[in-house]
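The sequence and the structure are shown first.

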Amino acid sequence: MTQTGGRLWERDSECLRIVSALTAAAEGHGAMVLVQGPAGIGKTRLLVEASMRAQDANVCAVTAQASELERDRAFGVVRQLFDPLIVGAAESVRDDLWDGPASRARSVFHSVSDRTDAARTGDFALLHGLYWLAANASQHRPLLMTVDNLQWCDTPSLRFLAYLLPRLDDLPLVIACAWRTGVSISERLLAQLMADPVVHLLEPAPLSEKACKYLLGQFLTEPVDKAFVTACHAATGGNPLLLHALARTIADEHLEPTAANANRIGSVGPRAVGRLTAARLADLPDTIRTLAQVVAVLGECADLATVAALAGQDTTLVLEGVATLERLEILRIEDADTNPRVSFVHPLVRAAVYDTLDPTGRGRWHQRAAQVLVESSAEPERIAAHLLHSPPRNDPDTVALLRLAAATATDRGASASAYTYLRRALAEPPQPDQYQQILTDAGLTALPVDPASATENLQQAYDRTVDPICRAGLAVPLGAVYLFAAPERGLALQAEAIAQLPGDQEDLRRRLQASMLTLASWVVPGRLDLLGDWLDGLQLLPAHDSVGGRLLDSAIAGRNMSLGDPTAVSRARRALADDTLTRSALDSVWLHGWNTLLAADDPLAVKDLEAVAEYARAHGSLTALSQIYEFLIYGWLTRGQLEEAETAAQECQRLADLAGNETAKFMGLSIFADILTEQGRTDRAEQVLNDIGITVTAHPNTMTWLALPVLARLLRLRGDLTGALTATQHAQAVCALYDIRNPAASEWRSEAALTHRALGNDVEARTIATENLGLARTWGAPRTLGRALRVLGVVTESDKGIRHLQEAVTTLQGSPARLEHAKALLDLGAALRDTGRSQAARASLREALDLALQCGATPLAESANAELVAAGGRLRRTALTGPKSLTPSERRVAELAASGATNRHIAQQLYVTPKTVEVHLSAIYRKLGITARTHLAPVLEPSQGTSR
């Protein structure tokens, strides 16, 4: 009933865009073509055209079609795309496909029972593995992947497409998708797809009356009157599918295409597809009509054997019936000679056939379909898709199948699908001895996708549980979800669970205590009273070397750090002494220990966090990895590595978008705005802050202790001193809500002092800066203390101010805080110049300039250069060269290239694209003054080991 070949009317511009994308792919630059519009507008036909054009251009084409029935099947669309490439490949080619990180995606193509490894692969590793599988598949021949009905795409496959998009420009790969407007879809992921610059958005317009007349002429033998054409065009809105169906209906009903009959068209057009399909089915024998209904129940691309088994007909009879339905443009058969599969010519046709079944009949058919698939040893998720549409019948086998499908979906990182299967298992219902465990599994699975349902399931499981150890295990996630809506209830429940624990359960007790402390400190602003007087008791507990003990140490370290208590550092080091937490607790409680070490300027913190990120890439979730990147951004910023910090911020945003982790995205972008300000990109910084809702007049009262001081600095640099002061006041209020006193956690006092100084309020400036210095001395970390000394030196006149600046330089000398060190040197040099000590000023300013250039802080370098000239020095060049000019990322690439690694292997090891490696190598060659990788080793040798 749709056009699958022949002439394409009024689609020249769309075809041109498709050809352009295929041509670019042949040159190594991929893109996505997203065709959107209402049902029947010709989206599928354009995908068919793309495949035909790909064949002409020697581009390998694979296709997938999402369906309503299997939208909960994890990676269903991905498997349709890759299965032909994998199954049909020779053994040597298959080995190439799975080369490198691609091997981590093997679990996508196997059920849990087929897995040979015990460890669960993290969902990031699956996505990254699929990226490399696509890269390997397109290595020798450009590749086109088409996905029809994107609106029904399963979430993991949609997430893969979103992950692939920023990396497409480096691949000879085109993704062409069709999305039906007006149908619900994951808005967040779709927004990511549509916003990406490599996406070519095509919106086919309705056909004109001229095209309408041509199409009618293909089916009608009589001349078509102009008024009749106008009526047909108006009735269908120029929709090609409706026009096609209307033309068929007119022909079947022998309606003459005259002006006199034009008024009869209005009642036919909008329902043309359904009417035509129903009329044709009504005239068919029962056996053939049943075939159409069976295919409607089975969904897209049902294999012939399954159709025959469900219909209760032999294969020969089925083939004859399918041939009849194909002639009537209801069904189509694919791969007829190898692996025959049957599908509908259009989803609207399937919907029309499916609607001929009453709801009860549909349920019975799906139940029978599930049984047929069980007998053919189909994978659990395919069976579960039918069980979701069949009525409960208290069947243990159904429960077992649904649990296995949930385990498979969980293994593939598809929590939403897993929860759907478990929810259906609860409705079956399970046997009494299984009910509590399935409730628990459903609640834990629902946590990231449906907190309200998670609360309901976990509370029921908690109430049904008698064993105090099991209750305590449930109290951790249940208390967490309650804290957003009913914090008192959540904490009371966790306290109750702690009180009921046997004395030998110290590990679990401390896990609960860590959860209570973290959530009451950071999740519910302004409710620190919920902690009561038990925090002091936690501080006094002896060390306990267990996961729970380390989590509690990490949580206490985070709380103490925010208070400015230096004992937090030893707590954090004890919690993170080895990889115990890395391998067992990739969550936010554990990360507070890293936050503490970063605030303390621990020289190993960033290096160790990168090792943690490496582990999380293989075994952790997207949520956990986005949180780790949130702290990596901050670590690189505090070390003055602005390019590294920017790269980490961009990756954090991408990961947080994929995971739906709004907290990590908010915090990551807050720090990113700070990075941009240091780079002099103030307009972009302001836009980033606006995007997360941070302005002088409006901002959320949660987790803004980092963003608001950045806004204050930005406004101060632009001369909006009133706005800057208001921003610091907002930051002060937020810090009071969370009881954050440590200047290392929020820089609002430094900004307030500098803003008061700019306003001429010298007394207020010195008062705030003096208070800030006292707090910084208590905390003692070089960056925080050096900054506080610098700010007090700036707002204090004469030699006393210079002494503060000199102490700031001494404090920061040799610390990881190079950017803050450069600022202190600049301010000291400027102060010395103002007092006539030009020679000493020039020495300080030269060092400030060198450090600013190494950090990539352009405005700081320009200020240092200007001060240097004013102090009688020469204008210095502002481009660093030599090994010391390499960023950490460039050094890692240079060292790997020097060792003989190819660009591809470097990219795989560093989790970047080969194009990124090429860009780094170009910068490395320029900075080192060389032209080939063979020259790298001798140039790098003198500075080996100094990259940290």
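This is a predicted model: local features need pLDDT of at least 70, side-chain atom pairs count only at pLDDT 80 or more; totals for chains, interfaces and linings use all residues.

In general, side chains of opposite charge can pair when their charged atoms come close.

R892 takes part in a salt bridge with E610, at an N to O distance of 3.7 Å. This pair links distant parts of the chain: R892 lies in helix α43 (residues 888-898) and E610 in helix α29 (residues 605-619), and the two are 282 residues apart. R892 has a relative accessible area of 28% and is partly exposed. E610 is likewise partly exposed, at 26% relative accessibility.

R892 also forms a salt bridge with E644, where the closest N and O atoms are 3.5 Å apart. E644 lies in helix α31 (residues 642-659) and R892 in helix α43, so this pair ties together parts that are 248 residues apart in sequence. E644 is buried, with a relative accessible area of 4%.

## The wider set of charged pairs

Some salt bridges share partners, and in this way D674, R713, R716, E747, E751, R783 and R787 are joined into one network. Over the whole structure, the search finds 54 salt bridges.

## Cysteines

A disulfide is a covalent bond between the sulfur atoms of two cysteines. How many disulfides does the count give? The count comes to zero. The cut-off applied to a pair of cysteine sulfur atoms is 2.5 Å.

C212 illustrates this result. The cysteine sulfur closest to that of C212 belongs to C232, and at 5.5 Å it is too far for a bond. C212 is buried, at 0% relative accessibility. C470, in turn, is partly exposed, with a relative accessibility of 42%.

## Overall form of the chain

The protein chain contains 46 helices and eight strands. Its radius of gyration is 33 Å, close to the 30 Å that the globule rule gives for 948 residues, so the chain is as compact as a globular protein of that length. Along the principal axes, the C-alpha atoms fill a box of roughly 105 × 70 × 60 Å.

Of the 948 residues in the protein chain, 57% are buried. Among contacts with a separation of 6 or more, 70% are between residues 24 or more positions apart. The accessible surface of the chain comes to about 37600 Å², and carbon and sulfur atoms account for 51% of that surface.

## A sheet of three strands

Three strands form an open sheet in the order β6-β8-β7, and their pairing is antiparallel. Which strands stand at the edges of the sheet? The edge strands are β6 (302-303) and β7 (331-334); each has a single partner strand, so one side of each is left without a neighbour in the sheet.

The pairing of β7 with strand β8 (residues 341-344) is antiparallel and runs over four bridges. Within this part of the sheet, L331 stands opposite F344 in β8.

E300 lies in the loop between α12 and β6. Is E300 buried or exposed? E300 has a relative accessible area of 14% and is therefore buried.

Leaving aside residues up to four places away in sequence, E300 touches Q65, A66, S67, V342, S343, F344 and R350. One of these, F344, is the residue in β8 that stands opposite L331. E300 and H346 are 46 residues apart in sequence, and the distance between them in space is 9.9 Å, C-alpha to C-alpha.

Conventions: Residues are numbered from 1 along each chain as its sequence is written. Side-chain values use heavy atoms; hydrogens and water are left out. A salt bridge is a side-chain nitrogen of Lys or Arg within 4 Å of a carboxyl oxygen of Asp or Glu. Buried means under 20% relative accessible area, exposed over 50%, partly exposed in between (1.4 Å probe, protein chains only). The radius of gyration is taken over C-alpha atoms; the globule rule is 2.2 Å times the number of residues to the power 0.38. Contact means heavy atoms within 4.5 Å. Accessible areas come from the Shrake-Rupley method with a 1.4 Å probe; for residues, only the protein chains shown count as cover. Two strands pair if DSSP finds at least two bridges between them.
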